[in-house]
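Here is a short tour for you to follow with the model open.

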Amino acid sequence: MNTVAIIDYGMGNMGSVLNALAYLKAPALVTRDVEEIRRASHIILPGVGAFEEGMRNLRKYGLIPILEETTKARKPFLGICLGMQLLASVGEEGGIHTGLSLIPGRVRRFQVDEVNVRVPHIGWNDVSSSSDSVLFKNVSPPIFYFVHSFHLVPEDKKAVSATCTYGEQFVAAVKKDSVFGVQFHPEKSQKSGLAVLTNFLEYA
Amino acid sequence: MLKTRVIPVLTIKDLRLVKSVQFTEHRNIGSFIAAARVFNARDVDEMVVLDLDGRKSGLKPELLREITRECFMPLTVGGGVTSVQDIQALLSLGADKVSINTEAVKNPNLIAEASRRFGSQCVVVSIDVKKTEGGYEVMITGGKEPTGLSPFLWAKEVKRLGAGEIFLTSIDHDGCMDGYDRELVQKVSTSVSLPVIACGGAGNALDCVRVVTEGGASAVSAASMFQYTEITPRAIKEQLAKAGIEVRL
């Protein structure tokens, strides 16, 4: 039986992700138990919050080795918002911090004229994905809900699977092997978001 | 391109959906769950849920739990938030953003602490404003307590402390459906580079168009208009689109 492990590391909106998966009738549990994570077929790292606190909590709960182990074994992994940013090697929010380094790159603040382009980027925005993208297959319209001030800039452009524009073009989704990340909130993006989650769940 | 949001507001008192006029005369208008369900089915951009008893009787997790179980849209929740523990509790129940109002004035450090811990994108500071002889004043405790603060300076201060968004309500226009206070919205949105959600006074689509084009609002919100008239969030968005404003249709 497929089960989704939603990583509980004290960083926000696990509840929303769990509700969305329940609606999609996908068995899921919110957990920080290493064995439960190992047994799961898919892993979701949600998250609302600051980069440093996110990494500190992953470390505190001893979750980093199991995330490394499962991604190495190509278990489908989806990082959402902060969960995507933590995939990077370096985060620049509130100082320089080391990330999970699953997608080499840096998480930096929007470099825009903040008088005219209000940061954080909050709201619904258009996403353009590459044609072969797994997550965005049959998703219409590709408009998603974002709330963030920072975004991931991967070193390898091949890791970029979708972009969005807010004062500057930024990366809205990444994929490397079976590791996916989305900067927007699929669990809060109504039907389009639920479609992205369905695509992730169908990926094996 | 970023869309201008149209946001229904649910105000809740004694676990019932209520409608107010200038923050008084709260009238029970039904079940908030039913209302949340309708807005979810209508595919709204976002919803704001304010528990007016929150300050008095503390947070009510069951209220939010019922809404988040079936709503897959962004939710901002407020009412009675006084600590980072409260914020943590709301976020883990499915809120995406938490609105702080009275406590932000009484203990501004909460804004800083919350944005450090959860990121500024989930810290909304709610500012209730009353028109005075000399200008405008920030009010707290459900509009009852004057603070002596100017909304323009207070908006700057909350941005400095780490707020990510401002939910700006004109008490004078609340529930009156006579149009937003565009001057207030315009002055706040030019004094601070944060997204400003305009609230209080929406009665028709033109009000919404004007508060965006003239007031510079990043989002428009309304309670009475969506509860008491046939106007839907989608109808408002169609009119915004006609006026050349980007929306999600």
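## About the model

This is a predicted model, in which local features need pLDDT of at least 70, side-chain atom pairs count only at pLDDT 80 or more, and totals for chains, interfaces and linings use all residues. Residues are numbered from 1 along each chain as its sequence is written, while chains are lettered from A and ligands numbered from 1 in the order in which they are written.

Helices (H or I, at least four residues) and strands (E, at least two) are DSSP runs, numbered from the N terminus. In strand β13 (residues 179–182) of chain A, A:Val179 and A:Gly181 point one way and A:Phe180 and A:Val182 the other, yet all are buried (20 or more other C-beta atoms, placed from the backbone, within 10 Å of a residue's own).

Strands pair if DSSP finds at least two bridges between them. β13(A) pairs in the parallel sense with strand β4 (residues 77–80) of chain A over four bridges, and A:Gly181 has A:Gly79 opposite. With strand β12 (residues 168–176) of chain A, β13(A) runs antiparallel, again over four bridges; here A:Phe180 is the bridge partner of A:Lys175. β12(A) and β13(A) make a hairpin with two residues between them, and A:Asp177 in the turn has a positive phi of about 55°.

## A four-stranded sheet

Chain A also has an open sheet with mixed pairing, in the order β6-β5-β7-β10. β6 (97–98) and β10 (150–154) of chain A each have a single partner strand, so one side of each lacks a neighbour in the sheet.

## Where the chains touch

Chain A gives 33 residues to the contact and chain B gives 30 residues (C-beta atoms, placed from the backbone, within 7 Å).

Notes: Two residues are in contact if their C-beta atoms, placed from the backbone, lie within 7 Å. A residue is buried if 20 or more other C-beta atoms lie within 10 Å of its own, exposed if 12 or fewer, and partly exposed in between; C-beta atoms are placed from the backbone.
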